[in-house]
Amino acid sequence: MPSVAPAFRNHKFSFDKGELGMHENLMTCVIVGRREPVLVCDDSDQREAHAICIKPDVPHRVAIQEGGAEIVYLDGVKLDENAPKFGELSEAWQNLPQAIEARDHMALASYRQTLNRDDIPSDAGVMRIVERLYKDPFERLSQLDLAQELQLERTLAMRHFKSTTGQTFRKFKIWAAMMCAVDAAFNGEKIGLAGIQAGFSDAAHLTRTAATLFGITPTQGLSGLSGFSSFAFCPSIVKPCN
């Protein structure tokens with residue numbers, strides 16, 4: 001049976017009521033309030049809605065009201081440059097968390113394509129690197145490894161990686177490591193050890209990174225996290241890739 005091609009992953013965090021301090025997502029993010037609207041703001045603007053899409057690399061805060069919210073990250077989805085920093089989505093997006101839970105790849109394909117400005121097939125070489133980062137972030141792949149895999153000069157390889165994934169090589173490595181640490185910690189591993197196994201130098205390094213990416217410390221995040229799932233997006237098959 002042929003192996004499944006490497007694919008981007010999707011991650012769903014189920015959070016209880018609470019506030020997330022100023023932080024920057026590294027991937028396209030959709031937040032869906034379960035019962036009440038979610039408030040997303042920065043120092044000059046704010047948006048309150050039941051479903052909101054947030055651009056990567058945009059500093060913002062989040063207030064999650066009674067009933068909690070589902071926070072979904074769609075790796076590899078590249079928003080249009082003219083898309084708002086945080087924009088309200090239609091009522092149909094309130095079903096995105098259910099599509100993730102059901103591993104409904106066809107429904108997820110529709111959601112991703114609605115947001116994604118780039119419908120060009122992903123480069124196989126880049127996706128092999130992405131899969132290695134997901135599976136073993138502690139491997140510490142270098143820019144030279146990337147250039148050799150893509151058979152490109154280092155600077156060109158870095159540019160090609162970002163054009164394919166929507167994020168820089170360095171930041172994607174950080175993201176993959178954080179998802180690995182979250183998965184391990186949510187499933188019972190001690191937070192500090194989960195971070196070290198994912199490639200962070202120590203617990204303090206993990207805490208600083210979590211605050212930058214999520215606006216909350218790992219301990220605070222886990223105390224308010226009622227569910228976490230992460231799987232690869234493969235619209236051509238019924239079952240998930242991993």
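A nonpolar core is a set of buried Ala, Val, Leu, Ile, Met, Phe, Trp, Tyr and Cys residues joined through side-chain atoms within 4.5 Å. Keep that in mind as you open this predicted model, because the tour starts from such a set.

**Stop 1: the cores**

Select F13, I71, F161, M178 and F214: these residues have the most contacts inside the largest nonpolar core, which has 50 residues. Next, colour helix α6, the source of the largest share of this core, with 9 residues. Now centre on M178 and show its surroundings. Leaving aside neighbours within four places in sequence, M178 is in contact with F200, L206, T209, A210, L213 and F214. Then pick L79, L96, I100 and F231, which are included in a second, separate core of 19 residues.

**Stop 2: the sheet**

Switch to a cartoon view and find the open sheet of 6 strands, with antiparallel pairing and the order β9-β6-β3-β8-β1-β10. Which strands stand at the edges? They are β9 (86–88) and β10 (225–232); each has a single partner strand, so one side of each lacks a neighbour in the sheet. From one strand to the next, the twist averages 15°.

Now move along to β8 and colour by burial. Of the 6 residues in β8, 6 are buried. Both faces are covered, with A69, I71 and Y73 on one side and E70, V72 and L74 on the other. Look at the two partners of this strand as well. Strand β1 (residues 9–15) runs antiparallel to β8 and is joined to it by 6 bridges; S14 has E70 as its bridge partner there. Strand β3 (residues 28–33) also pairs with β8 in the antiparallel sense, over 6 bridges, and T28 has L74 as its bridge partner.

**Stop 3: the rings**

Show the aromatic side chains: the structure holds 13 aromatic pairs. Zoom in on Y73 and W175, whose ring centres are 4.9 Å apart with planes at 65°, so this pair is edge-to-face. The pair links distant parts of the chain, since Y73 belongs to strand β8 (residues 69–74) and W175 to helix α6 (residues 169–186), 102 residues apart. Are these two residues buried or exposed? Y73 and W175 are both buried.

Then go to W93 and Y111. Their ring centres are 4.7 Å apart and their planes lie at 55°, so the pair is tilted. W93 sits in the loop between β9 and α1 (96–101) and Y111 in helix α2 (residues 105–115), so the pair ties together parts 18 residues apart in sequence. W93 and Y111 are both buried.

A charge over a ring comes next: R140 lies over the face of F138, at 4.9 Å from the ring centre.

**Stop 4: M22**

Finish at M22, in strand β2 (residues 18–23). M22 is partly exposed, with a relative accessible area of 34%. Draw a C-alpha to C-alpha distance from M22 to P59: they are 6.0 Å apart in space and 37 residues apart in sequence. What is M22 in contact with, leaving aside its neighbours within four places in sequence? Select D43, P59, H60, R61, A211 and G215 to see these contacts.

How values were computed: Residues are numbered from 1 along each chain as its sequence is written. This is a predicted model: local features need pLDDT of at least 70, side-chain atom pairs count only at pLDDT 80 or more; totals for chains, interfaces and linings use all residues. Side-chain values use heavy atoms; hydrogens and water are left out. Two strands pair if DSSP finds at least two bridges between them. Helices (H or I, at least four residues) and strands (E, at least two) are DSSP runs, numbered from the N terminus. Axes are lines fitted to C-alpha atoms, for helices over the stretch in contact, and angles run from 0 to 180 degrees between N-to-C directions. Rings of Phe, Tyr and Trp (its six-membered ring) pair if their centres lie within 6.5 Å; planes under 30 degrees apart count as stacked, over 60 as edge-to-face and the rest as tilted. Buried means under 20% relative accessible area, exposed over 50%, partly exposed in between (1.4 Å probe, protein chains only). A charge sits over a ring if NZ of Lys or CZ of Arg is within 6 Å of the ring centre and within 35 degrees of the ring normal. Contact means heavy atoms within 4.5 Å.
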